[in-house]
Protein chains: 2
Amino acid sequence: MTAKGWEDIRAEVLRRIRARDWPPGQVIPGEEALALEFGVARATVNRALTALAKDGLLERRRKSGTRVAETPVRRATLDIPILRHEIEAQGRAYAFRLLDHRLTVPPLAVTARLGLAPDQPMLWLETVHLADGHPHAHEARWLNPALLPEPVPDFAQLSANEWLVRNLAFTAGDLAFLAEAAEGRVAEVFGVLDGAALLVMERTTWSGEAPITLLRLTHAPGHRVQMMV
Amino acid sequence: MTAKGWEDIRAEVLRRIRARDWPPGQVIPGEEALALEFGVARATVNRALTALAKDGLLERRRKSGTRVAETPVRRATLDIPILRHEIEAQGRAYAFRLLDHRLTVPPLAVTARLGLAPDQPMLWLETVHLADGHPHAHEARWLNPALLPEPVPDFAQLSANEWLVRNLAFTAGDLAFLAEAAEGRVAEVFGVLDGAALLVMERTTWSGEAPITLLRLTHAPGHRVQMMV
DNA sequence: GATCTTAATATGTCTAGACATAATACCGAA
DNA sequence: TTCGGTATTATGTCTAGACATATTAAGATC
């Protein structure tokens, strides 16, 4: 076992985990011991183990040491694209149409989720994104008006998403996928019957303590969101 | 701007990117220059920039230098849980029932997707996962029998997913989410009408060149798959 | 002008040693 | 026994310097 770089060490440790030389839950030798065994500096071992820990295969704690994760959690990563780029990357023409926009008091569920006062008005935007003229996704968005400049940008010209990406830094956010039956305007946009199964992506973003936006993106029928593991 | 650790430097560089001090596409100062500016060693700057590159905010190339990514791709990570753990973590009782299992030739779409000979039989497993006795997810799985030991594990006792996680290392895989209308046995399992919108996770995994399994996990109505950004 | 060779350069990684920090183990006092 | 304080320990991070490597730019040759 001639280990030269940190990736070799990473690979060898991974092999031992998979081969059950170091079974789940077991504490593995410390960095110093491994550095000695592999004939490298401790920093090199550290880099390899840190990488494995980031991938969820090891759990590391000061003083306790490093142990093999009980449940080898697999992590998948999703690149959240700007819709325009996603569509143009497929060689299709992108366009969008702003269906509705107004300042209004959102439902309680929305303000509660964002931690805002229940009677505070927010900017409501409803947009349909088109690929080669066909509806690709329906976007329903609540936007915190406190974070917008005066005058408010013209979201009929520049999509809210792109404006946000370019102008507001977000520090935290979460994202969920769910399936929902089409109804009302969404069904109408996609030209499907009420009740058709559609994939919805829900997203909230925050700038420090201040909520930026709550977004529901309903995809066209049959759409798949692909991730790499 | 007193920068002490690599995370401070990461934060400051991020701030400059967002503030458009360094606009998209622009080459930023080299590591040596930044190390000088921040009063740290080059390795510390390297760590910060490497982290930002992994997050998709910078693009780095030897000799060319480091530039701000044109499209600030956001990456979300999904921890793919073992269903039993996910359910038990919510304080609910986990159980599963094997509805069907047999060795049979899969449809063409399956063998084509996995790159196997079209007439090669595979192990078909249909399972329902229960939380507190209520159906939580319906699992339909094709499994490559060439990778199983003799005798074949008893998947009525140990769920196929857990057996795989524990015994087969996979090197690659992909994952997709889609919405689908309930029908047949799936509708029956969840006690919903045909046509109800359900969230489906499709997953294929490989061990080197050999496909391991193709899985369709249909979630209970209303289920949300949550990710952190 | 076109192609091959060579030098220059920014990032990638390693080392040896040092100090920081979190978490545990130990021990003494109430 | 229980509660705090203290020592110990493994990981986390930094430094200064070095060499490796990919890639581009410049130069030489045909």
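Biologist: In which helix of chain A do A:E12 and A:R15 both lie?

Modeller: These two residues are three apart, about one turn of the helix. Keep in mind that we are looking at a predicted model. The side chains of A:E12 and A:R15 meet in a salt bridge, at 3.2 Å from N to O. The element that holds them both is helix 1 (residues 6-18) of chain A.

Biologist: Which residue does a cis peptide bond join to A:E150?

Modeller: Most peptide bonds are trans. Here omega is about -5 degrees, and the bond is cis. Its second residue sits in the loop between strand 6 (134-143) and helix 6 (160-167) of chain A. In chain B, a cis peptide bond joins B:E150 and B:P151, with omega about 0 degrees. For chain A, the partner of A:E150 is A:P151.

Biologist: Let's turn to the place where the chains meet. What is the area buried between chain B and chain A?

Modeller: The size of an interface is often given as the accessible area lost when the parts come together. In this model, 43 residues of chain B are in contact with 42 residues of chain A. Carbon and sulfur atoms give 57% of the buried area. The total is about 3,700 Å².

Biologist: Which residue of chain B meets A:E202 in a salt bridge?

Modeller: A search of the whole structure finds 32 salt bridges over all chains, and two of them cross the interface of chain B and chain A. In one, the nitrogen to oxygen distance is 3.2 Å, which is within the 4 Å that the rule asks for. The partner of A:E202 is B:R224.

Biologist: Which element gives the most residues to the side of chain B that touches chain A?

Modeller: Several elements give two or more residues there, including helix 3 (42-54), strand 3 (74-80) and strand 8 (197-207) of chain B. The top contributor brings nine residues. That element is strand 7 of chain B.

Biologist: Which residue of chain B stands opposite A:F177?

Modeller: Strand 7 (residues 172-181) of chain A pairs with strand 10 of chain B. The pairing is antiparallel and runs over four bridges. Within strand 10 of chain B, the residue opposite A:F177 is B:V225.

Biologist: As by what kind of axis are the two copies related?

Modeller: Two copies of a chain are related by a rotation about an axis and a shift along it. Chain B can be laid on chain A with an RMSD of 0.5 Å by a turn of 179 degrees and a shift of 0.1 Å along the axis. The copies are therefore related as by a two-fold rotation axis.

Biologist: Which residue of chain B comes closest to the rotation axis?

Modeller: The same surface serves both copies, and 95% of the contact residues of chain B recur in chain A. The C-alpha that comes closest among the residues of chain B is 1.9 Å from the axis. It belongs to B:T77.

Key. Residues are numbered from 1 along each chain as its sequence is written. Chains are lettered from A and ligands numbered from 1 in the order in which they are written. This is a predicted model: local features need pLDDT of at least 70, side-chain atom pairs count only at pLDDT 80 or more; totals for chains, interfaces and linings use all residues. Side-chain values use heavy atoms; hydrogens and water are left out. Contact means heavy atoms within 4.5 Å. Buried area is the accessible area (1.4 Å probe) that two parts lose on being put together, summed over both. Two strands pair if DSSP finds at least two bridges between them. Copies are superposed by least squares on the C-alpha atoms of residues with pLDDT of at least 70 in both.
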